[in-house]
Amino acid sequence: MRVVFILLALVGPIMAIDEHIDGPEDIYKQKFLFEIVYRVEDPLMFEEYIKLGKSFLYHENDYYHSEEYAGYREKYYKAYTHGMTLPKGAFFGTMIPDHQEQLQGLLGFLYYAKTWDIFKRNVCWARLHANEAMFVQALTLTVMHSRYFKGLMMPMIYEIFPQHFFNSKFIHKAEQFDFKHWSKQAMYEKEYGDLMDNSKSNLNSKDWKLWQWWKIMGLSETWYADEQSTDDIKAFWMPVDYTRDLDFMNEESALSYFTEDLDWNAYWYYFHMGYYSWLDEDAFGLKNDRRGEYFAFFVRQILARYALERYSHKLGDISLVHRYKTVKHGYNPQLSFYNGISYSTRSNNFNLKSEGNTELHRKFAIFRKRLNKAIAVGHYTMANGTIVDLRQPESIEFIGNLMQGNANAAFGSYWLQWVYMYFAQDDHPEINYPHTILNYETMLRDPIYYQTLVKLVDHFYLFHKFLKPYTSEELSMPGLVIRDVHISPLITFFDLYDYDVTNLLNDKMSFVDGEFVWDKVLQARQMRLKHKDFHITFDIESDKTQRVVVRTFLAPKYDDNGRVISLAENRKHFWEMDKSMVQLERGRNFVNLTSNTLRHKIGNRYTYTQRYKDIMFNLAESRSDIKLVDDYCGFPERLILPRGWLQGMPMQFYFIITPYTETGHSNEKMCSFGNGSPYIDNRPLGYPFDREINEYEFFTSNMFFKDVKIYHEDLFTENFGLTYKEQFEHFIMILQQQQLHTLHATITTMAMTSNTVSQLPVLTSRHSQQQQQ
């Protein structure tokens, strides 16, 4: 028997496609992109860019022709000349129609600029005069979509605007950081530390929680010098948690480590920057990506992964939101926009009927009925007379465009804006308050947003209800058998990570010979969900040499009551972890898939500071080749497993192997649009769980189910020898002793004053009994 070993683990932990900046010209372009958004909410301090921005003159000949965006551009310029654009410092909501229209106008000045010099001048002008958040989004869209920026990138959105990702308590302390004051304080502690009383810094805190790792380590919420600081750059870090740090508003708060994870929210943000609803697929080259189908798939993926995390906490299925029922779970994002205004909160048991805008609800309710009617009828007649057959599988592209309400939808373009504005209670034409649902980078923080997505995918399931389930002939692959699958232990844990928040610095910027000196970095040290690397080994028998696609799914097997979930019911919970192309030889093949090499998954990113320092080093060394990592769009590899249980959380893997079919496009690069990157073959996204399942036809030899358990390791058990509970009980004991000491002193004083010392032993004895209990 011929045995072939195939290894799919030949690259490092950062699984993005590398791009190179070739030549000093491109290095300077990358340097410009990093500097122009440095401390973007502050006035521009680079003299070269200030002069360039002031030289701006509007000439239509400076831009490539586009009738649609030329109109938006001219309208924006007229509004700018009359001082009517969204001012600097104001809240920008990408779901607010007026803001979105202005964004399209500003994008016209950047994306359609004919030369780099015109583009650079316009960027400097926009940096001086445009709203900061609108400017960053327009620049991000341009860099991601324009072919002139291949290999160039922006800092991550959470590095540009940390205010949208970290709680306001941390943001305030970061903005107040003063290096001179910190240095004096550090000097005093070094000189007089033995005389300073630090015993009350942690133990007297009222809101101490089990997950506040810094308190277990004897630290406070203050700034510490990083061990890796050098003479060239001084690094400081401060501990920060999620909204659970202050209050458990409801049971959903237990998921804040996941729903408020920076990379999880950035993943959603960059998907929409790639497939923004108002980007025309012809103008921006998105046609080959089947954006409608991809949107429908992406939303289902988000819901499936979120459902896995809910299962870890036994929270059950995602609740449904209804106009005539109260919203059980409120949310306080604890965020402040960079202008200082706090984000809106929603109380528990919120009444949508009395608080929501009736007209907005009526608008999107009419659209949903119209879409469902078209699906039920089975066809739709376009304005030009073309009839779309909605009983064909490929018509999911038509349905997906309508679900997103994008520029290529047959009707109802931008209808989702009404939904978002309804739930954000943003119906005032002039006054807009910060709300998480109004911007892509904050939407996934709020539990109610997932409830709205459940309603959205109802249209997808209704469409597929009219398609026949796959037959065993369609699912099978003659001549191929998956004999067995071995999976190494699956272990999750929480790990510390430093996020770069240097954009929050408020000290004076330093320049030497006109060059900016980046000599300080602020970091937010946070606990993040992570897993240990694991391997999946396939034992496959093939009757011929062939290329195949291996799809990997993860799903729960039991419900919250311990009952097995039927495959037909569980279909929506299968999260597609990976799909990879594999070359098989005739005979027996052993294929090894490793967790850190999965397709379109990314590891740790290089930080804003690291990238900028790398650029400056290469310029100083006259090197013209810098390797960057194009890692905007990949799913964070560390989140591919939900948090496990100490005793092991039962889950199931599902694998299916199908013949590889050419797509006709180069589709391995992540952030590359218009080349079919979401697809590895011509099968529907989410196959075979896109359609309803007939369990009598479903099981074939080219698929395999594998029961597994996901374990969770307690990081503090390993590092401190104590579990959270044990450490918590130790803390409570110390705190009670302090309280008893204070109470005893108070009672003694009162007793001496009232000359009733005889009562003291009785009270002391009673509290001693409580302590023993």
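What follows is a walk through this structure, one selection at a time.

Before you start, note that this is a predicted model, in which local features need pLDDT of at least 70, side-chain atom pairs count only at pLDDT 80 or more, and totals for chains, interfaces and linings use all residues. Residues are numbered from 1 along each chain as its sequence is written, and side-chain values use heavy atoms, with hydrogens and water left out.

**The whole protein**

Start with everything on screen as a cartoon. You have 27 helices and 22 strands in the protein; helices (H or I, at least four residues) and strands (E, at least two) are DSSP runs, numbered from the N terminus. Of the 773 residues, 55% are buried, where buried means under 20% relative accessible area, exposed over 50%, and partly exposed in between (1.4 Å probe, protein chains only). Switch to a surface and you're looking at about 34,100 Å² of accessible area, 52% of it belonging to carbon and sulfur atoms. That area comes from the Shrake-Rupley method with a 1.4 Å probe; for residues, only the protein chains shown count as cover. As for contacts (heavy atoms within 4.5 Å), among those between residues at least 6 apart in sequence, 80% join residues at least 24 apart.

**H14 against H20**

Now select 291-312 and 447-465, which are helices H14 and H20; their axes are 10 Å apart and the angle is about 130°. Axes here are lines fitted to C-alpha atoms, for helices over the stretch in contact, and angles run from 0 to 180 degrees between N-to-C directions. So H14 is oblique to H20: angles under 35 degrees count as roughly parallel, over 145 as roughly antiparallel, 65 to 115 as roughly perpendicular and the rest as oblique. Show side chains, and on H14 you'll find contact residues including Phe295, Val299 and Tyr306, with Tyr450, Leu453 and Phe460 among those on H20. By class, this contact has 13 nonpolar, no polar and one charged residues. Here Ala, Val, Leu, Ile, Met, Phe, Trp, Tyr, Cys and Pro count as nonpolar, Asp, Glu, Lys and Arg as charged, and the others, Gly among them, as polar.

**H6 against H13**

Next stop: H6 and helix H13 (residues 262-274), whose axes come within 9 Å and cross at roughly 70°. That makes H6 roughly perpendicular to H13. Gln137, Thr140, Leu141, Met144 and His145 in H6 meet Tyr269, Tyr270, Met273 and Gly274 in H13. The class count for H6 with H13 is five nonpolar, four polar and no charged residues.

Then step along to Phe149, in the loop between helix H6 (132-145) and helix H7 (157-160). Phe149 is buried, at 6% relative accessible area. Leaving aside neighbours within four places in sequence, it touches Leu33, Trp116, Phe119, Thr142 and Val143.

**The E5–E6 loop**

Jump to His329, in the loop between strand E5 (326-327) and strand E6 (350-351). His329 is buried at 3%, and the residues it touches include Glu251, Arg346 and Gln451. The loop between E5 and E6 also holds Gln334, a non-glycine residue with a positive phi, near 55°. Gln334 counts as buried too, at 10% relative accessibility.

**Two last stops**

Asp513 also has a positive phi near 55°, and is exposed, with a relative accessible area of 79%. Look for Asp513 in the loop between strand E11 (510-512) and strand E12 (515-517).

Finish at Tyr687 and Pro688, joined by a cis peptide bond with omega about 5°.
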